Structures are given as C-alpha cells and as structure tokens.
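Take a moment to look over the sequence and the model below. We will go through the parts one at a time.

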Amino acid sequence: MDDRIKKTLAVWKFASCDGCQLSVLDLEDELLALAEQLEIAYFIEASSTAVAGPYDVSLVEGSITTLHDVERIRAIRASSRTLITIGACATAGGIQALRNFADVEEFTRVVYASPDYISTLATSTPISTHVMVDFELNGCPINKHQLLEVISAHLNRRRPRVRAHSVCVECKRRGTVCVMVARGTACLGPVTHAGCGAICPAYNRGCYGCYGPKETPNTASLDAWSGLEQRDLVRVYRTFNAGADAFKQASEGHERT
Amino acid sequence: MSGPSRTRIIRTDYLARVEGEGAMYVKLDAGGVSEVKLRLYEPPRFFEAFLRGRSFTEVPDITARICGICPIAYQMSSARAVENACGVRIDDGPIRDLRRLVYCGEWIESHSLHVYMLHAPDFLGYSSAIEMARDHREIVEQGLEMKKAGNALVAQIGGREVHPINVRVGGFYRAPTRAELRALIDPLERAREIALATVRWTSTLPFPDVELEPEHVALADPDRYPIDRGRIVSDRGLDIEPGEFDEHFVEEHVEHSTALHARLRERGSYLTGPLARYSLGSGVLCPLAREAAAAAGLGATCRNPFQSIVVRAVELVHAADEALALIDAYEQPDASAVEVQPRRAVGHGATEAPRGMLYHRYEIDDDGTILDARIVPPTSQNQRAIEEDLRAVVERSLELSDEELTLRCEQAIRNHDPCISCSTHFLDLTVDRDRARTGPNPQ
C-alpha cells in the first residue's frame with residue numbers, strides 16, 4: 001500500500017506503567033502486518049522517528065497528574081481524528097488515583113526527601129475528564145486482542161466488538177466452576193467488565209476487578225454476599241480502577257459505615 | 001566541529017526506545033564536559049505511600065503495576081520481602097523452581113524486546129525495529145518469535161503476560177500441570193536456538209572501544225546464575241544479605257529527577273544489570289551460554305556498555321536453557337503455596353529484574369497491614385552510573401558532530417535499558433556544548 005494513503009497511528013503516554021502500550025509490541029504475530037496496514041507515525045517507546053500530526057488514530061495510555069499533562073492531552077486531542085484511551089489509568093485514573101482519597105502532600109513526603117522538587121496535581125484523573133474520548137478500552141492491563149479489534153474497527157469505520165457484560169459470562173463461556181459458589185472465594189466477577197477472559201477464577205482465585213465496572217453493576221448486592229469486612233471491601237474497590245464511578249461510590253460507601 | 005568550540009549543548013528532550021519518559025542534557029565548554037544530566041520526568045505515582053494501610057497479601061498485585069515490562073520482578077521481590085518479614089523461606093523445592101521458571105520467561109520477553117526492538121536499531125542505523133524490518137525482516141521476525149516464547153511462558157504460569165495474576169505471597173494460586181508446561185518445550189527450544197544465533201549476530205555489531213569502571217553490584221546465588229534470590233555482592237568486596245541493604249546503600253533525591261538516586265555509602269555510584277550480573281556470575285552460567293559467550297569473544301567479565309547487547313543475548317541463552325531444564329524436571333506439587341501468617345516485623349527481598357537488582361523492604365503489622373514500604377528499582381540505582389557513562393562517552397567522542405554525538409549519547413543511555421516508569425519514583429537527556437557561536441542553536 002502506498003505510504004501516502006495509509007492511515008496514521010500515534011501512541012501517547014501519561015502517568016502509567018507502560019504495560020498497555022507494550023501490548024502493541026506484544027502483538028508478535030500481527031505487529032509487522034499492522035505496520036504495513038497503517039503508518040505508525042508517533043510511538044516514542046518503539047521509534048525515534050516522530051512524524052508530525054494530525055493523526056487518524058491516537059492511542060492514549062496513562063492518567064493526568066500534572067498541569068503540563070493537562071495541556072499536552074488537549075494538544076493531542078486537537079491533532080487526533082479519533083482518540084482511544086487504553087487501560088485503567090487512561091479510563092479511570094489508575095492505581096495512582098488512590099491519591100484522590102488521600103493527602104498528596106503527605107504522599108510526596110513519604111516517597112521523596114525533598115518534596116519541593118516534585119510538582120504534581122492532587123488528583124490522578126482519566127483522559128475523559130479533560131477532553132472528548134471516542135472509545136475507552138478497559139483493563140489493567142488491556143487485552144492485546146481487544147486492542148487489535150478496536151484499532152481495526154476504527155480503521156474500518158465500524159463499532160468495536162467489545163462486550164460490556166460481566167466477567168461471570170466469560171467464566172461460563174470458559175467452563176470455569178464459580179469460585180464464589182463452589183469455594184466461597186470472594187470475587188468481583190459479577191460487577192467487573194469482561195475482556196480479560198476470566199483468568200483469575202481459572203487460576204483458583206477471585207476476580208479483583210482490574211477491568212473496572214461492567215455496565216449497571218450491583219455492587220451493594222455482591223458486597224452483602226461476599227462475607228468481607230468493611231475494611232476489606234474498601235480495599236477491594238480501591239485498586240486499579242478506584243476512580244471509576246461505580247467502584248468509587250462503593251468504596252466510599254463502605255468507608256462511611 | 002569547525003572553529004574554536006566554546007559551549008556545546010547536546011540534548012534530547014524525549015528519549016525514544018526506552019520505557020517511560022526521560023531526557024538527556026550534556027553541556028560542553030572549553031574545559032570539557034561540564035554538566036551531564038539524565039533527567040527523568042515521568043510523573044511520580046507514589047507507590048510506597050499508598051501501599052501503607054494495604055494488606056500484605058495485596059502487595060504482589062499492586063507492585064506489579066509499577067512496571068508493565070517487568071511485573072514478575074516486582075511480584076518476586078515483594079513476595080520474598082513479605083515472606084521474609086513473616087519468617088517464611090522458600091529457597092528450594094517446586095515453588096522456588098516455578099518462580100525461577102516464570103522469571104526466565106520475563107527475562108526472555110524483556111531482553112528480546114530490548115535487544116531487537118530498542119537497542120539493535122541503534123547499531124544498524126534505523127529509527128525502529130519496524131523500519132529495520134523493511135531491510136532485515138527475518139532478523140526482526142526471529143526476535144519477535146523469541147519474545148513470544150518468553151511471553152507464552154509468563155502467560156502459562158502467570159495467567160497473562162502483563163501483570164500476571166497467579167503470583168501470591170507464599171507461592172502461586174495454582175500450579176501448572178506437567179502437560180501445560182510441556183506444551184512450551186517446542187517454542188522454548190526454538191527460542192534457545194534463536195538466542196544462540198542472537199549471540200553470534202550481536203557479537204559482529206560495531207562497538208565503540210570503551211571500557212568503564214563502575215563498581216558492579218549483583219546478587220550471588222551459589223551454583224546458580226542470579227535470578228530469584230541471593231546475597232548482594234560487588235567486585236569491590238561487598239558481600240551482604242538483602243537485610244543489610246540500608247547499612248551500605250543510600251537513596252538521594254536530586255532536583256532534576258523524579259527518581260531517587262541510589263549510591264553506595266562508602267564508594268558512590270555503582271552499576272547493576274546484565275553487565276554486572278555477567279561479570280560477577282559468568283562462572284555459573286549454563287555451559288551452553290558460557291560456550292556461546294566465549295565463542296562471541298566475551299571474557300569472564302565485560303566492561304563495555306555497548307556490548308551489553310551481547311551480554312543480554314547470552315542471558316537469553318541461559319534463560320531459555322534453564323527454563324527447558326526446569327520444565328523437564330517439573331512435577332506438579334501437591335500445594336501451590338505455603339501458608340504465610342502475618343506478624344509484626346520488617347522484611348527484605350531482592351531479586352534480579354531484567355534491568356538489575358530490585359530491592360523491596362516492608363514493615364508489616366500483626367494483622368498483615370503494611371506500615372511502611374520501600375522499593376529500589378534498578379534504573380534509579382543506575383542513574384548516576386549512566387550519567388558517568390555518558391560523560392566518559394562524550395569525552396571520547398568530541399570529534400563527532402552534534403547530531404552524531406546526540407545519537408551516541410542516546411545509545412549510551414539505551415545500553416543500560418533504563419526503565420523510567422519503574423524508577424519513578426524517575427529520565428530526561430539534552431547534549432549543552434558551549435558551541436561555536438556561529439553554529440545553529442537548537443534551542
């Protein structure tokens with residue numbers, strides 16, 4: 001295909017562990033074919049060549065935690081036709097959103113001897129707090145096959161086939177016996193967004209919610225079933241998607257009681 | 001350079017082909033290199049702060065999120081540290097073997113990524129592996145194939161490649177069956193062949209003639225190449241238990257970086273990672289890796305950071321070979337984990353992440369609540385050594401143009417495979433030469 005008519009892809013990073021953008025490079029079987037279908041115009045972790053925008057598709061990893069990054073995401077939005085957030089940091093603020101429930105100055109003092117050198121916002125917020133987002137792909141980390149589906153759907157102007165039902169449905173499809181029913185293991189599967197393939201129950205542990213809330217989650221009902229103490233319920237909702245609305249409300253509810 | 005050079009500034013504001021956000025700044029004046037800064041500006045994420053108040057059982061899942069490239073390293077160091085606090089030792093038997101096995105998978109995945117996708121393009125003059133693939137498709141494809149084998153191993157034992165879910169304090173949630181592991185033999189045998197070819201290929205790359213003298217620090221594990229445990233040793237006489245870390249190492253906060261700088265209290269900067277591991281442990285590499293290293297012209301030690309690509313390839317041979325041996329000997333254990341009861345104590349854990357030694361320390365309460373956490377990743381330990389390395393490389397390369405020198409400096413940094421996401425609690429590179437006033441000013 002002629003370079004001039006290839007669509008362009010850019011990959012951007014904000015506060016994150018790099019794991020979701022690494023998922024692009026983890027597409028070992030598809031990466032070179034993907035690079036033939038579209039031009040990877042900006043991907044600083046993989047290439048020292050940066051092609052100027054505008055870009056057809058921007059993948060954004062990470063959350064917004066500095067004033068400089070607030071400006072940067074606005075500039076990226078302005079130069080992107082389609083903006084897709086990848087992963088829990090970009091869609092919900094990530095694990096670093098735990099600062100939203102604490103005193104960030106205290107946090108800085110715990111980690112850094114000279115807090116004056118550190119400039120950071122008091123909150124970690126998802127990309128959608130700052131700019132319009134065209135599609136959000138959940139997961140900590142994202143599923144690379146879902147990522148491929150989302151990219152290909154946008155290139156072909158169709159809706160991505162990414163289901164918003166719960167992890168429970170994936171367990172049933174996988175044939176995994178319910179860990180909560182059969183063993184009494186606490187599991188966030190009923191309220192958690194599908195996409196991982198229900199890995200945890202297949203490895204004898206309960207889901208810990210790394211894909212964030214599913215559509216219409218009933219956390220109150222699940223929590224009554226779980227047998228967990230309030231303190232532990234606060235902990236289970238305060239991990240990688242602590243800033244996602246349904247999980248945030250659940251943890252705050254348990255904190256008050 | 002034409003004309004009498006006054007100030008030259010060599011800088012890169014956003015380093016490419018490293019993990020995370022960093023920049024480089026080097027300033028040269030009439031007297032030589034006057035300033036070298038590796039600036040890590042990745043925003044801080046405060047892991048040590050929000051670990052306080054969490055349960056000791058949550059630590060491996062949470063600390064994995066520090067780094068998407070080496071989550072197993074974080075899970076292993078943290079699990080060891082928590083177990084150490086609770087008085088549990090897992091120093092042999094099937095759980096330890098499974099830990100080494102999944103760690104071999106991470107080394108294969110991470111080293112393949114660095115050798116083929118981040119580092120090799122420097123030597124061959126490409127901006128990326130994807131561009132390199134246009135001329136050298138087979139080479140890139142074999143790198144990807146080896147990487148995939150490492151990822152498959154991590155995913156089989158860990159549940160998935162990035163942020164595996166199967167590692168817990170005390171062992172694993174589920175031990176794989178023998179059949180599940182045996183399915184990995186073919187891809188790992190192929191990975192071992194590719195790794196051997198990678199040693200041969202990388203040894204023919206053009207290396208600048210540089211020998212540097214940082215103190216090498218690595219774990220030492222009797223009779224085994226250091227991966228999952230060991231004493232902390234150096235080539236200048238250091239030989240301590242991980243629990244003595246604080247007596248010998250100190251972390252400092254410098255203004256230009258969001259990663260803390262670590263140094264040895266008595267002697268200052270040091271280097272951890274493949275060069276240090278190889279130089280201290282080449283004698284306990286598997287025979288196949290030793291032979292490959294010798295055939296590639298490596299001695300018992302290696303002090304040229306540009307040759308780290310060869311050393312990583314040698315470690316790839318070792319990791320694939322050891323993984324195959326572990327799978328061959330594997331019998332599924334009755335229990336996939338040992339029980340760990342919390343108690344009020346402090347625990348330490350150190351393992352060898354692909355980029356070097358990773359130290360964790362936790363103070364926990366009687367009910368298992370984390371009271372205090374400290375995490376010292378390899379890149380923050382190496383920051384100072386990388387800056388010194390940059391200085392030495394620039395001093396030997398003054399005849400290069402600014403553009404060439406910038407590239408050389410970036411390469412000097414990539415030699416160490418810095419992981420900035422990890423170290424921030426950390427990277428930014430610019431070269432400032434007091435340059436000829438007549439020259440173009442990049443600023």
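Start with a term: domain bounds here come from an automatic or database domain assignment. Keep in mind, too, that this is a predicted model.

In chain A, the assignment gives domain 1, residues 3-155, and domain 2, residues 167-256. The centres of these two domains of chain A, taken over C-alpha atoms, are 25 Å apart. The domains touch. Domain 1 of chain A puts 16 residues into the contact, and domain 2 of chain A puts in 13 residues. Which helix gives the largest share of the side of domain 1 of chain A that touches domain 2 of chain A? Helix α4 (residues 88-92) of chain A does, with three residues. By class, that side of domain 1 has eight nonpolar residues, eight polar residues and no charged ones.

Now find the sheet in chain A. It is an open sheet of five strands with parallel pairing. Its order is β2-β1-β3-β4-β5. Why do β2 and β5 of chain A stand at the edges? Each has a single partner strand, so one side of each is left without a neighbour in the sheet. On average, neighbouring strands of this sheet are turned by 25° against each other, direction ignored.

Look at two of the pairings. Strand β1 (residues 7-13) of chain A runs parallel to β2(A), and five bridges join them. Within this pairing, A:L9 stands opposite A:I40 in β2(A). Is strand β2 (residues 38-43) of chain A mostly covered or mostly open? Mostly covered: five of its six residues are buried. Next, move to strand β3 (residues 55-61) and strand β4 (residues 80-86) of chain A. They pair in the parallel sense, over six bridges. A:S58 has A:L83 in β4(A) as its bridge partner. A helix lies across part of this sheet. Helix α3 (residues 67-78) of chain A lies across β1, β3 and β4 of chain A. Its direction is about 130° to β4(A).

One more helix in chain A deserves a stop. Which residues of helix α11 (residues 230-237) of chain A are buried? They are A:L233, A:V234, A:R235, A:V236 and A:Y237. The cover over the buried residues of α11(A) includes α10 (219-226) and α12 (245-256) of chain A.

Turn to the place where the chains meet. Here 47 residues of chain A are in contact with 47 residues of chain B. By class, the side of chain A that touches chain B has 27 nonpolar, 12 polar and eight charged residues.

Cross over to chain B. Pick out B:Q156, in helix α6 (residues 137-158) of chain B. Why does B:Q156 count as partly exposed? A residue is buried if 20 or more other C-beta atoms lie within 10 Å of its own, and exposed if 12 or fewer do. B:Q156 has 19 C-beta neighbours inside 10 Å, so it falls in between. B:P176 is 20 residues away from B:Q156 in sequence, but 7.6 Å away in space, C-alpha to C-alpha. Beyond its neighbours within four places in sequence, B:Q156 is in contact with B:P176, B:E180, B:L181 and B:L184.

Next comes a pair of helices in chain B. The axes of helix α10 (residues 274-281) and helix α12 (residues 308-329) of chain B come within 9 Å and cross at roughly 65°. The crossing of α10(B) and α12(B) is left-handed. From α10(B), the residues B:P274, B:L275 and B:Y278 take part. They meet B:S308, B:V311, B:R312, B:V314 and B:E315 in α12(B). This contact has five nonpolar residues, one polar residue and two charged residues.

Finish with a sheet in chain B. It is an open sheet of three strands, β12-β13-β14, with antiparallel pairing. Its edge strands are β12 (345-353) and β14 (370-376), and each pairs on one side only. The twist from one strand to the next averages 15°. Six bridges link strand β13 (residues 356-364) of chain B to β14(B), in the antiparallel sense. There, B:Y359 stands opposite B:V376 in β14(B). Helix α13 (residues 378-395) of chain B lies across β12, β13 and β14 of chain B, at about 125° to β13(B).

Methods
Residues are numbered from 1 along each chain as its sequence is written. Chains are lettered from A and ligands numbered from 1 in the order in which they are written. This is a predicted model: local features need pLDDT of at least 70, side-chain atom pairs count only at pLDDT 80 or more; totals for chains, interfaces and linings use all residues. Two residues are in contact if their C-beta atoms, placed from the backbone, lie within 7 Å. Helices (H or I, at least four residues) and strands (E, at least two) are DSSP runs, numbered from the N terminus. Ala, Val, Leu, Ile, Met, Phe, Trp, Tyr, Cys and Pro count as nonpolar, Asp, Glu, Lys and Arg as charged, and the others, Gly among them, as polar. Two strands pair if DSSP finds at least two bridges between them. Axes are lines fitted to C-alpha atoms, for helices over the stretch in contact, and angles run from 0 to 180 degrees between N-to-C directions. A crossing is left-handed if the near helix is turned anticlockwise from the far one by less than a right angle, and right-handed if clockwise.
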